[in-house]
Amino acid sequence: MTFNPQKETTAQTSLPPLHPDAVRILPLGGLGEIGLNMLVIEARGQLLIVDCGLMFPESYMLGIDLVIPDISALAGRTADICGLVLTHGHEDHIGAIPFLLESLGFPPIYGTALTLGLLRNKLDEHNLATRADCRRVACRDHVVIGPFDVEFFRTAHSIVDGCGLAIETPAGLIVHTGDFKLDPTPVDDQPTDLGRLASYGERGVLLLLADSTNIECQGRTLSERTVGEALMKILPECRSKVLVATFSSNIHRIQQVVDAAVANRRKILITGRSMLANIAIARQLGYLNIPETSLVDLRQMRDIPKNQLLVLTTGSQGEPLSSLSRIAMDDHRQIRIEPGDTVILSSKFIPGNERAITHLINHLYRRGAEVHYETTSEVHVSGHASCEDLKLVHSLIRPRYFVPVHGEYRHLAKHAQLAREMGCAAERAIVLENGRPLALSDNGHHLEPRIESGRVFIDGKGVGDVGEMELRDRRHLANHGLVIVFLALNQSNGTILNGPEIITRGFVPEEESGALFDEARQMITSMLDEHSMAAVSDWEELRVEVRKTLRRLFNRRIDRRPLILPVIMEL
């Protein structure tokens, strides 16, 4: 596997030696961004990795399918990686594992039942399931991994089986919250284990790493049961079929949708590949209870009265190929939106997806549906702790050092400020960025020089073969179009045998290009006449001159800057 990531040219490529009683924290993803979570903890020559997630492409990443962390900093150290511990099964925490597991040397992977169940599905798709060493743990379990003693403690989140980590190191105790919320009434009656957090505080915590996603949200995060109560109010008022779209990993949300459907005597049709797969895993592990008599398939659906049907699907973020998007565009073979139907988008508008979601909602309304979403109904609550919840965690743990994780830079900065307000010394509330190592010991702390870090792009089956240069060309093509110039030249004396012929895509309409391209051909011919073609030793020099000539013309005449590709043939 060859990586071609975005890299910072000023970064060094290796980590300096570490004192035996010190510990190093190295974030490789998730700091300064939402997603891509990956953290490396080093002690006594051994590396423990916490999470290995991906992120979905941002708008400027044209054609990119997924983004994973750059692990160049770990090159040559696979033998030192003693384990990979997972906090929960969301894509931004486990999604990169199939792409990076071989490069990491196939270390043992520790996770809870559902987390490993979701991971195994991904490993199967990449033919890695038989090579992966997955080790199941439960909350309150202790696992010794190299020089680290790791305890998994329960956290409530928007996915079942989430956990935080208490990691005993030679330098002291590190507590990593993972993604969490303080839900007093979770659907599975498994709240975040505040008792363990308090006990860690009593023991003394060297470093707290805490979720920063909702630091800007005042007050406390609402309980997940709020969504169930909202569904119980909405469904009795629906007179035709109901479609509910949510994240396929949010098993608690799915359970509440099922409970509301059963209570209102509606049959449940499940559609969407990831929804079907995740529900099957959750039911098999006992995390999801759906009566068999309540389930119908697509063949049975036509026999169910519309006011007795609920469709549970994917696509709450407006993904173009998702089930709900195809339904909204009237492009689904079996399911159609009809006037009087109700659609519930039971998820957050993830930043960057707003336009796609509003486009989806508009199409649903065009088809006559009534749509409920987070800004109109209480059909979604966050899975992350809000400001007052974070204050409680800080007051219980009282760490010596604090590093905010999981958030954009403003989230990290505000969370560090909160830690200072809660009594953490100003110089010990440290905002790190990806690639910036922090060393801690009894003697204090110091920030080490930045190392190589960044992102690796996945495009189709290619991993790392698309870099910043290719993305720049794609943006150039998308914004300005393409001009291809064909020239056939005599190899011996450089005279023009054919051309210049000009072909364009996404530049100007053919009916409007005649005069412009006539002038372009004349300018290229004049430029060639001015050069001694017999003296040209490198055809790339000639291609550069063709580009310069056309750039000047297009910029002067129509103020456009297409990508110009000269193709020169020697005959």
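Predicted model: local features only at pLDDT ≥ 70, side-chain atom pairs only at ≥ 80, totals over all residues.
Figure 1. Leaving aside residues up to four places away in sequence, Thr246 touches Arg253, Ile254, Met275, Leu312, Thr313, Thr314, Ser316 and Ser346. Thr246 itself is found in the loop that runs between strand β13 (242-245) and helix α6 (251-263). The relative accessibility of Thr246 is 2%, and the residue therefore counts as buried, the limit for this class being under 20%.

**Figure 2. Crossing of helices α3 and α7.** Helix α3 spans residues 113-125 and helix α7 spans residues 273-284; their axes come within 10 Å and cross at roughly 130 degrees. This angle makes α3 oblique to α7, because only angles over 145 degrees count as roughly antiparallel and those from 65 to 115 as roughly perpendicular. The crossing in which α3 passes α7 is right-handed. On the side of α3, the contact involves Leu114, Gly117, Leu118, Asn121 and Glu125; these meet Arg273, Ala277, Asn278, Ile281 and Ala282 of α7. By residue class, the contact of α3 with α7 comprises five nonpolar, three polar and two charged residues.

**Figure 3. Crossing of helices α11 and α12.** The axes of helix α11 (residues 387-397) and helix α12 (residues 409-421) come within 10 Å, with a crossing angle of roughly 50 degrees. The two helices, α11 and α12, are therefore oblique to each other. As α11 passes α12, the crossing is right-handed. Cys387, Leu390, Lys391 and His394 are the residues of α11 that meet His415, Leu418 and Ala419 in α12. Four nonpolar, two polar and one charged residue make up the contact of α11 with α12.

**Figure 4. The aromatic pair of Phe507 and Phe517.** Four aromatic pairs are found in a search of the whole structure. In the pair shown here, the ring centres of Phe507 and Phe517 are 6.3 Å apart and the ring planes stand at 10 degrees, so the pair is stacked. Phe507 belongs to the loop between strand β25 (496-505) and helix α14 (514-530), whereas Phe517 lies in α14, so the pair ties together parts that are ten residues apart in sequence. Phe507 and Phe517 are both buried. Together with Phe554, Phe507 and Phe517 form one aromatic cluster.

How values were computed. Residues numbered from 1 in each chain as written. Heavy atoms only, no water. Axes fitted to C-alpha atoms, helices over the stretch in contact; angles between N-to-C directions. Helix = DSSP H or I, 4+ residues; strand = E, 2+ residues; numbered from the N terminus. Parallel < 35°, antiparallel > 145°, perpendicular 65-115°, else oblique. Left-handed = near helix turned anticlockwise from the far one by under 90°. Contact = heavy atoms within 4.5 Å. Nonpolar A, V, L, I, M, F, W, Y, C, P; charged D, E, K, R; others polar. Buried < 20%, exposed > 50% of the residue type's maximum accessible area, 1.4 Å probe, protein only. Phe/Tyr/Trp six-rings, centres within 6.5 Å; stacked < 30°, edge-to-face > 60°.
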